[in-house]
Amino acid sequence: MKELLKSNLVIMVIFAVIVLTAPAWLTPIGAGYPDILQKFAIFGLFAIGFNILFGLTGYLSFGHAAFLGVGSYTAVWSFKLLTMNVLPAIIFSTLMAGVFALVIGFISLRRSGIYFSILTLAFAQMSYSLAYSVLTPITNGETGLQLTLADPRVVDGMMGIPVTDSLPTTNLFGLAMSGYSGFYFCAVLLIVGFYVSLKIFRSPYGMKLRAIKSNQTRMKYTGFNTRPYLLSAFVISGMFAGLAGALMAATDPLAGAERMQWTASGEVVLMTILGGMGTLIGPLLGVGIIKYFENIFSALNESALHEVFSFLPGWLEEVMVWISHHFVGEGWHLTLGTLFMLVVIFLPGGVMEGITRLSAYLKSKFKGSDEITSEKVSEDAS
Amino acid sequence: MDEILLQILNGLDKGGAYALIALGLTLTFGTLGVVNFAHGALFMLGAFCAVSVQQVLTISKRVKDESITFFDAYKETPYLELWWGDTGAMIIDYAVPISIFVAIPIMLLIGVAIERGLIKHFYKRTHAEQILVTFGLAIVLQEIVKSLFGANPIPTPAPDIVSGSAAIGSMLGLSDALVYPWWRMIYLMFAAVVIFGVFAFLRFTTFGMVVRAGMADRETVGLLGINVQKRFTIVFGLATVVAGLAGVMYTPILPPDYHIGMDFLVLSFVVVVVGGMGSLEGAVLAGFLLGILQSFASMNEVKSILPGIDQIIIYLVAVVVLLVRPRGLLGREGVMED
Amino acid sequence: MSNILEIKNVSKTFGGLHALGDINLEVEEGTIHAIIGPNGAGKSTLLNCCIGRLEPDTGSVTFNGHNMIGMEPHDINHAGMVRVFQTPEIFSDLTLLENVMLPALSKRDGTFHFNPFVDMRREKEIKAEARHVLEDIGLGNLVDSHAGSISRGDKRRLELAMGLIQHPKLLLLDEPTAGMARHDTNKTIELLQKIKEQGMTKVIIEHDMHVVFSLADTISVLAQGRIIATGTPEDIKNDPKVKEAYLGEEQD
């Protein structure tokens, strides 16, 4: 039974069912509509990819937002020049992000540890600054790159798609990329992305990446050239980011430079850590939690808070509302930052570590005092 | 010639800010072994000390405007002016210099609290975890300031007497066009004084000697039975004060907003890396060099040849330095080269 | 028999301190060559110069006819010279089985092999081989434990297993029995002797004279960065210089 649960096929079937039925089971908690579902899927891909680098090799990059941005710009250009069909857009974007990752990775990976982090940070800031200034002809600077009626759209023209007065919308061979069809498109790509990640995790290649994280020097003396391993992981994760960027553009054909800022890279780091770095589904949990609560908390305002705390006596209600209103709406980032600190301090393994600890605790509780498990819990906790 | 001198001067004040932040960053890194991504936020907190002092001094009362006689008009007048007249107005005018004295104890308190409450528990954790938790702290500090002061930059002018520019061109017998704002000159001198102060403190006190020894060889100092804990706290407090003062004094040059710290943080990291991790002299030298370099890169003559170079020059230098000379300009061989 | 390793005129200084001065050493194929010497004599430095962790100031290291100086560590490994570290350098986050599979994979796949879509469970042969080596060395009951959680002596044995599974032409052992109980030491000697019959050349750095004299064909004595004697165990036992420099302090 346990073996069966570990087989790729079973895992993939369960995963696919969960993802594809998300609109149904997320509706009761108010997250069943296409906009947020798409966000889950897109950031899910971003985080899965980031986890392949950070989770497996331990190399902390602050530059992945740059690849996301490159993906978005490439996709919008594909919409402008070629066709509103999203398929070429996501292919070009993924490849383009891969090329960028190859160049940036090649240089950054000459160093490790904090120096690697700072190098990727420098590259991300460079891309961001350039996108705002010199590269304006490509990025349209502060306004962001948008579709216009004057765009050539060569392929669409050849296919005889009529030009209308309004801006065309993105589609997959006629299937609209907004609403539920848009979500299902992203969901299918998420499932494919998850499969790739699962395969990598379970391959000798993945084991070597984990070994690099554990002891890179030893890897070299064991006869491995670690740099191509790291570079390939970097490129793969960059391509995931590019794909995520393309999907952002596919659901909303607009690309802006702020997507490339290093604090945006910080967000994906956050999601990965919160869920549990180095685990298969941890990053997805992180994405789910952050995007879900972002949605709820950002929408809350003072009057909503008064409702929430209305069961308290009057003065206490005022106090609670005063305190909590800093954490909702505009203040959502404060909640996020606080949550993030708490996780790094108390639960470096993220939600996944929490689940492991909890299940170990429950097991020891129900099976009587199983010494080994309780020992393990105290060891983890220290 | 004038142009070159002007660019050097322009670069120096920005360089001064870089040097001050990088100094604290290096001190924390070299002594405590902690990579502090919240250091920029401390600079920002310093700047908002000045903003708070200004706001407190200008707490106002609505009073009848006597100058308008034919109907009842009211204007906001600060209490200080109501009580003390011109003296009160002068105190308000000197809000930024006054803030220095307010900022020192406040920043020290904040620094000690952060070290005791958070950083202390991360000495034995990995650099990645240190980066992550201080990054989280930076977000928290930044968001608190945003919710207290809003998202827009808040102008905090320098005292009237130094708000103009010095005609240093004519002073030095060069072109009259060569002028330099007084406040920037003050900033530069202030930075120099603080830097010399920190160096003197480290060189001529026993405490400083232990800190320097610790930067050279952390383990040995721990083994000598010296109370490392207490010293770590003081060093972190010192770094916080230096960053805070840099922030206070920078407010007249650039009206602070809540993410001014993040903008400076990335640049300061680059400065530290270029100067050499763990080298205080390197941090200062690289701070000024990069400031000047950036100033030259933003000359129109340069930009016309290499468009956009002003935006990326510092990062470009950092990338080249990290690849060609990993230990930075003045970093010692073998120290933190990985 | 030919020499598999030739060290010629190797010297190395650290900040004015002569760690190695003009070392000449030849290791004959198929033998066990022990290097002994008091603490700080430069034994580990010499090994580090062989495997590319340090670059000597002068001299040459020739292995199997190829110059090793300036080569990347992973290329030296694939040339057939493998080092077993004194302080265990293992992958503490991985299981013992994975620890031993990695060098085996390196041997099979080379310095870089991109196979993200091969399932680990297909690697049955490598797994069986790794399991076999672990059992041979007495760690068969720990294959699925995390390497960080086992005892220090077991870590040393794991190190040895990681070296042995690559079947190197030359195995450099840095104090393979240091910190082991007498019983474990004897087992390790037995194991090393068994492998010697398979023709693997070994260079052993050792403190324990019991180990050295029961294994080595040739012994070189290193003192203050110089080789003061090389010969059979019998020669070394009777060499007055060696007695003075090394054995004298051991026998008291």
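Let's start where two chains meet: 27 residues of chain C are in contact with 24 residues of chain A, a contact being two residues whose C-beta atoms, placed from the backbone, lie within 7 Å. On the chain C side, helix H2 (73-79) and helix H3 (96-109) each supply at least two residues, and H3(C) gives the most, with five. Helices here are DSSP runs of H or I with at least four residues, strands are runs of E with at least two, and both are numbered from the N terminus. By class, that side of chain C has 14 nonpolar, seven polar and six charged residues; Ala, Val, Leu, Ile, Met, Phe, Trp, Tyr, Cys and Pro count as nonpolar, Asp, Glu, Lys and Arg as charged, and the others, Gly among them, as polar.

A word on what you are viewing: this is a predicted model, in which local features need pLDDT of at least 70 and side-chain atom pairs count only at pLDDT 80 or more, while totals for chains, interfaces and linings use all residues. Residues are numbered from 1 along each chain as its sequence is written, and chains are lettered from A and ligands numbered from 1 in the order in which they are written.

Now for the other chain pairs. Of the two pairs in contact, chains A and B share the most contacts. Chain B and chain C do not touch, and their nearest C-alpha atoms are 12 Å apart.

Chain C itself has nine helices and 10 strands. Its C-alpha trace spans about 60 × 40 × 40 Å along the principal axes. Within chain C, 68% of the contacts with a separation of 6 or more join residues 24 or more positions apart.
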